[in-house]
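Let's look at a structure together and ask what the words used for it really rest on. Take your time with each answer.

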Amino acid sequence: MNDSAGGEVKKTPESQKLDFKTKLAYGAGDLGPAITANISIFFLLVFFTNVAGIPAGLAGSVLMIGKIWDAVNDPVVGVLTDKTKSRRWGRRLPWMFYGAIPFGIFFFLQWIVPRFSAEQSGNIWPLFWYYVAIGVISQVFYTVVNLPYTAMTPELTQDYDERTSLNSFRFTFSIGGSILSLILSKIVFSLISDRQQQYLVLAAVCTVISTLSLYWCVFGVRDRVLAFEEKRIQAEEPESIPFFEQLKIVFTNRPFLFVIGIYLFSWLGVQVTASIIPYFVINCMKLQESDVPTVMIAVQGTALFMLYVWTALSKKIGKKLVYFLGMSLWIIAAAGLFFLQPNQIVLMYIMAVMAGVGVSTAYLVPWSMIPDVIELDELQTGQRREGIFYGFMVLLQKFGLAFGLFLVGNALQAAGFKEAVAGQSILPTQPDSALLAIRVAVGPLPTICLICGLVLTYFYPITREMHAEILLKLQQRQEKTQR
C-alpha cells in the first residue's frame, strides 16, 4: 500500500497474511456469543410474554435493564483488559478462558420458569426480579468473553483488506451460529410440544456449543496474540493518559463518532426487527411458531452467502459503497413488510432474502472500520487502547438497543397486546391495535434507523488511502523509537 507521498508500508508480523487455522479459530470466538445473543434476540421477549406470562411492557423492561447494565460494564471491562498483564495469555485471552463456563451457565438460567411463579399467581414481581437478576449477571459474563474477543482484531493484523477478510471469518461463524440456533430451534420445537421444555432444551444445547467454541478460539489464536504482545511489551511504553482524558480523546475522534452512529443505527434495525419478527409471523401472517425459525433462516442464510460477496466487492469498490448497496435493499424490504397480508407468504420470503442482503453489511462494515479508527488514535496519542474504543462503541450501541427494546415492549402493551397465561398452550387473540403496533415495529421503525445509518456512512472520513498514510506514519515513528 502506498500513501499519497509514494511511501511504502513495510511488512511486519502483524501486517502479514493470517493462516487459515488462525482465521478459523478467531471466527469460532464469535460462535458462542452469536448463538446465545441470537436466541435471546429472537425468542427471549416471546418467552417472557408467551411462556413465563410476563406483560409485554415489563418484559421489555427486563431486557432494557439487562442491556443498560451490559452497556455500563463494557467500558469497565475494556479498560481492565487494556491493563491486564499475562505473559502466558496476553491481555485479552484470560478473560475469555475464565469467563466461558459462567457465561454458559447464566445464559441457561434465563430460560427457566421458577417454581415460585406458579405458587404466587397474580403477583408478577418475584418473577420479574428473578429475570432481572439473572439477566444482569448473564450480561456481565457476556461482556467478559465478548469484548476482549472483539478487541483482538487490531492485534491479529494491521492490513486494511486482511481485516475485512478476518471479519468475514468472524461473521461467517456469527451468522452461521445464528442459522444453527434457528435450525436447532426448529428441530426442538417440532420434537417437543411443551413450550417451556422447548426453550429449556434449546438453551442447554446452545450453552454447550457456545462454551466449547470460546475455548477453540482461545487456544487457536494464542500464538499470534502472544507474538503481538511480546512486541508491544518490548516497545517503549508512553506515559499513561488519565481515564477521563482518554474519554475526552475517544469522543473527539471524529471518525470514531461516525462508526458509533453507523453501528448503532444498523444494529438497532437488526435487533428490533429480530425481536418483533416472531410476533409478526404468528399474529400478522397467521403462521405457526415452528415457522418462525424458517423465516429467520431465510434472512440469516442470505446474509451468510452475501458476506463472501461483500468481502470480495469491498476490495474493489470500498466499504462505504458496499454498505450503501446492501442497506438500500434492506430498506425496500423493511418498508414492504408493513403492507404484507397473511396470504402473501411467498412475498414474505422474498423480502426476508432482500433483508438478508443488507443484514450482512451491518455485520461486516462497521466492525471492519473500527480498527482503522484505533490506529488513527494511536497516531495522535502514541497509545493503543483497543479496549476502551470497543467498550464505548458497544456501550452506546447497547444504550440505544435498550431503549429500542423498552420502546417496543411498552408500545405493544400500550396497544393492548395480550400476554399468555403461564402454563397454558393456547395463545390469546390480539386486537387490531396490537397488530398495527407489530407492523410499525417490523417496517417503518427499522427503515428510519437504516436511513440514518446511510447518512452517517456517506460522511465517514477514513478511506483506504488515508489508512495507508496512517500506517506509514506509525511505522516511521516505531523505527525512530527503535534506533
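## What the words mean here

Glu155 lies in helix α7 (residues 153-156); helices here are DSSP runs of H or I with at least four residues, numbered from the N terminus. This is a predicted model, in which local features need pLDDT of at least 70 and side-chain atom pairs count only at pLDDT 80 or more, while totals for chains, interfaces and linings use all residues. Residues are numbered from 1 along each chain as its sequence is written, and side-chain values use heavy atoms, with hydrogens and water left out.

Q: Why does Glu155 count as buried?
A: Buried means under 20% relative accessible area, exposed means over 50%, and partly exposed is in between (1.4 Å probe, protein chains only). Glu155 has 1% relative accessibility, so the word is buried.

Q: How far apart are Glu155 and Pro371 in sequence and in space?
A: They are 216 residues apart in sequence, and 9.3 Å apart in space from C-alpha to C-alpha.

Q: Why are Lys473 and Glu469 said to be separated by about one helical turn?
A: The two residues are four residues apart in helix α18 (residues 464-482), so about one turn lies between them. An α-helix has 3.6 residues a turn, so residues three or four places apart point the same way. The side chains of Lys473 and Glu469 meet in a salt bridge (3.3 Å, N to O). Lys473 is partly exposed at 39% relative accessibility, and Glu469 is partly exposed at 27%.

Q: Why is the pair of Phe47 and Phe48 called tilted?
A: Rings of Phe, Tyr and Trp (its six-membered ring) pair if their centres lie within 6.5 Å; planes under 30 degrees apart count as stacked, over 60 as edge-to-face and the rest as tilted. By this rule the structure has 26 aromatic pairs. In Phe47 and Phe48 the centres are 6.0 Å apart and the planes are at 55°, so the pair is tilted. Both of these residues are buried.

Q: What makes the pair of Phe97 and Tyr215 edge-to-face?
A: Their ring centres are 5.6 Å apart and their planes are at 80°, so the pair is edge-to-face. Phe97 lies in helix α4 (residues 93-109) and Tyr215 in helix α9 (residues 195-234), so the pair ties together parts 118 residues apart in sequence. Phe97 is partly exposed, with a relative accessible area of 22%.

Q: Which residues do ring pairs link into a cluster?
A: The cluster includes Phe42, Phe43, Trp111, Tyr130 and Phe189.

Q: How many disulfides are there by the rule?
A: A disulfide is a pair of cysteine sulfur atoms within 2.5 Å, and the count comes to zero disulfides. Cys206 is buried at a relative accessible area of 0%, and Cys284 is buried at 4%.

Q: Why does Lys286 count as exposed?
A: Its relative accessibility is 53%, so Lys286 is exposed. Lys286 is in the loop between α11 and α12. Lys286 also has a positive phi of about 60°, although it is not a glycine.

Notes. Salt bridge = Lys/Arg side-chain N within 4 Å of Asp/Glu carboxyl O.
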